[in-house]
Amino acid sequence: MRKHKHTHRGAAICFGIFSLLFFILFGRFVYLQATGVADGQVLAVEAQKRYLKKQVLEAKRGTILDRRGKVIAEDIPSYTIAAILDPDMPEHVTDPEETARKLAPLLNMDVADVERILKKDAKQVEFGPNGRGISQTVKKQIEALKLPGIIFLRDSKRFYPNGTFASYVVGYAQKDEATNEVEGKMGIEKQFNEQLKEKDGYVVYEGDQQGFKLPHADEQIVPPQNGKNIYLTIDQNIQTFLEDAMNTVEKQYTPKKMIAIVADPKTGAILAMSTRPSFDPNKRNIENYFNDAIAYPYEPGSTMKIFTLAAAVNEGVFQPNETYQSGSYQIGNHRIRDHNKVGWGTITFLEGMQRSSNVAFAKIVREKLGEDRLLQYLHRFHFHEPTGIDLPGEKVGNILYRYPIEKVTTGFGQGTSVTPIQQIQAATAIANGGKMMQPYVVDRIVDPDTGKTVAKHEPKVVDTPISKETAEKVLDILETVVTSEKGTGRPYQIEGYRVAGKTGTAQIPDPKGGYLTGHQNYIFSFLGMAPRENPRLIMYVAVQQPNISYTETGAVPVSMIFNSVMKSSLQYLNIQPTVGKKSERKEKSISLPSYVGQSVEQATASLKKQGLHVTVIGKGTKVHAQFPQAGEHVVAPDRVLLQTDGNAIMPDLTGWSLRDAMKLAELLQLKPSFIGSGYVFRQNIAPGSVVKKNDYMIVELAKPSEIDKKQQTETEQQETDGPVD
């Protein structure tokens, strides 16, 4: 067979071409091996992106708790709702109109707005703020509708189980849309944001395209850093007493403002603090962004006489039985008058204190103590500077001391302005043997992972403005303000307890000049301590411009708050009454023994024999726990709770008082939330249901006269609406 003449040439050309391709490919291979770069991309990085998987390990923002460990603010699971619109997906929205009609009510949105979102030219959509933070309950309601294409993305949200509860102390936190991080905006949430803030961790590993980890692959783990837990000095029970009382007064008298603080004078710990208007941190329906208890300086009125009196007693110039002419007092071109304009004739300085005579204190400042010495005591009581309480936004008042008239009026609380928290701090010196304690709201900060306390607040004595002997004398005088028939503090008497305190009726400056006039245009207040023999609680209440009738005084709404909160708190703290016949107290006060381990039948019979009301929690035969606990005192016919062995069963709370409902929550370690005031008429956990630790117990309360109306309205509403699909 004869070779074609071009065979060798063709073979040579092919050989040359393939040789060239080989060298090009070989050169490319050597280049890639040497540089690791292709088309400007680092190959190792691209390979890492393809095979290296990263999974986020979610951290949790720190929890805020009360002094006894009851949750006030925490992160809870929530969901973001989304809709798949891509028709290529097996599950997608097929009927936007019908989906919008059913979905809108559950998202609190207009049907038209939901429909517009569902008709967007997109593969997947969300529903804005209304579609985020969906609770488990709402999620189940939406899932029950079985709407095609509706999905849920797991998330978390900040939850405040008590609603309107020490709102300006706790504040609120919310997710920043730009950074997608939760930031504290007010109160403790803002002040301690860095301590509360969490940091997500992650795990990095080599995986296949489906995300499964490859065999023998290494992994890198960065653990999540949970935020620190903050324990407040706030006592949930006392705070609930306060919120309940303020709600009642707000509803009945609609004042412009209300401020109340309850503190432990021995330590400076704030046990309760609330203002009106307030807000629900879950809804953030905020009218005022300032905590008036620490950021609202105003002329305090006659509560300031406490500290002028203390200065005079400490200097030895207050003679209680010395007399003076009441009614009016001339200072240059200015005339100071008593609040009744005419005075009470010639009276003693003690009676002047009891009657809250401005003339008495004008004479004390000008003729006995001296203006310069009074100013020194105002500085000793630290009215010239902030208290340093561990809350954001504290303001300081202004001591007006330029002219002779200002120096005198400061002595009885006019002209000079102070804040409520400054008065609380100063008053601790009266109730604590002369030692003035700095107020604080954070007790300790705890690492939730280790359980170790990383910061602990120790009570701090900021000054000793008066002696112990002076403090005792001032308490004696303040007690007569409450007990004397001539005293302005008579409305603040509490059955069974000795109360020392001082009323205040502060004028409100008129923007046009001078002061507002009218029966209601004052800030009515009371600063009181109890029990007098060893003050355990100190409380300041101020009510601005309540809608009182001409037959009522400003003491009515103030005493409604002070008396109910102080008495309930003293009883809750097991501080026994000291006023009354000892034999009567002995019969009524019962020290509970331990019933744990006894049969339910025996324990119930023993308690009922003593006149106590008994509620058994559970169906067991032996007592597993009791509340109140052994050693605590109760007064017949108080309610005693006995928890049996076995499952805890929710009782019917209808008709229970707020205090009894709180007992149940503490015994079973539930997370309570109270709505309204009065007695229980609705509960979220059905009677007979099994309850477990940390379950949420939501209780609605109303006055007896309102319960029937509410139930009747609900019945009529159900009959009108008919059955719900």
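## The second largest pocket

The lining of the second largest pocket splits into 13 nonpolar, 20 polar and seven charged residues. This is a predicted model. The volume of this pocket is about 1000 Å³. It is lined by 40 residues. Closest to its centre are His 339, Asn 358, Thr 505, Gln 507 and Tyr 522.

Which strand supplies the largest share of this lining? Strand 23 does, with five residues. That strand covers 500-507. Strand 17 (334-337), helix 15 (404-410), strand 24 (522-530) and helix 18 (555-572) each supply at least two residues as well.

## The largest pocket

The largest pocket has a volume of about 2000 Å³. Its lining holds 48 residues. Ser 78, Gly 133, Ser 156, Lys 157 and Arg 158 lie closest to the centre.

How do the lining residues of the largest pocket divide? There are 20 charged, 15 nonpolar and 13 polar residues.

## Elements around the largest pocket

Several elements each give at least two residues to the lining of the largest pocket. Among the strands are strand 5 (71-84), strand 7 (150-159) and strand 8 (173-175). Strand 7 gives the most, with six residues.

Note on methods:
Residues numbered from 1 in each chain as written. Predicted model: local features only at pLDDT ≥ 70, side-chain atom pairs only at ≥ 80, totals over all residues. Heavy atoms only, no water. 1 Å grid on protein atoms, 1.4 Å probe; cavity = no way out; pocket = protein on both sides within 12 Å on 5 of 7 lines; lining within 4 Å. Points joined across faces, edges and corners; volume = space filled by probe spheres on them. Helix = DSSP H or I, 4+ residues; strand = E, 2+ residues; numbered from the N terminus. Nonpolar A, V, L, I, M, F, W, Y, C, P; charged D, E, K, R; others polar.
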